[in-house]
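Reader: I would like a close look at a single part of this model. Please pick one loop and go through it slowly.

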Amino acid sequence: GLSPADLPARQLQLVSASRRHLKYFSVSADTGHLYVNERLDREAMCGNSASCSVRFEAMVQNPLNVFQVDVDIQDINDNSPAFSESILDLEIGELILPGARFPLEMAQDPDVGSNSLLSYQLTENPSFRLEAKETPSGKKQPELVLERALDREKQSSIQIVLTAVDGGSPARSGTVQIRINVTD
């Protein structure tokens, strides 16, 4: 309900009880256009919360009016899934029976929604397959499943790569090398 012609005389300005978010925005006192001053990092502003919005007020004088402004910060796929280490060492005895499961570290992706972690892939190996078990929080826990008995005398070590892929477009991924030492 404000006329742009009235804005300069009414001294349009942004105000907030929390000044930390005001550094990201400014408003033109002449046109009323809202500007973004610096790059918005949704993960830094709101963490892993499902929704992210910044609330502040626009105020004009003569007469005094205060308007509530809500800015929803949308997630972009700017983070790749990552593992805490680049290499994971496992020791598996050759007497372990097929069907044995070995839980692996879950990758972390600070993005949310469809941009967050979606699936895991394992390089082909005849001794192992990959399964993902859903945790109570809805995340996927990757597990190595032994497909066939290991024989240390035939192969004392196995190297495979676990890849975590997110659901962004384009998708991003992160990897961890798994080094399996077959024990006697």
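Author: A residue is called exposed when its relative accessible area is over 50%, buried when under 20%, and partly exposed in between (1.4 Å probe, protein chains only). The model is predicted, so local features need pLDDT of at least 70 and side-chain atom pairs pLDDT 80 or more, while totals for chains, interfaces and linings use all residues. Residues are numbered from 1 along each chain, and side-chain values use heavy atoms, without hydrogens or water.

The loop to look at lies between strand 4 and strand 5, and Asn62 is in it. Strands are DSSP runs of E with at least two residues, and helices are runs of H or I with at least four, numbered from the N terminus. Asn62 is not a glycine, yet its phi is positive, about 55°. Its relative accessibility is 58%, which means that Asn62 counts as exposed. The bond from Asn62 to Pro63 is a cis peptide bond, with omega about -5°. Pro63 also belongs to this loop.

A pocket is an open set of points on a 1 Å grid where a 1.4 Å probe fits, with protein on both sides within 12 Å along at least five of seven lines; lining residues have an atom within 4 Å of a point. Among those lining this pocket are Phe56, Ala58, Phe67 and Val69.

For comparison, Gln11 is also a non-glycine with a positive phi of about 55°. Gln11 sits in the loop between helix 1 (7-10) and strand 1 (13-15), and at 46% relative accessibility Gln11 counts as partly exposed.
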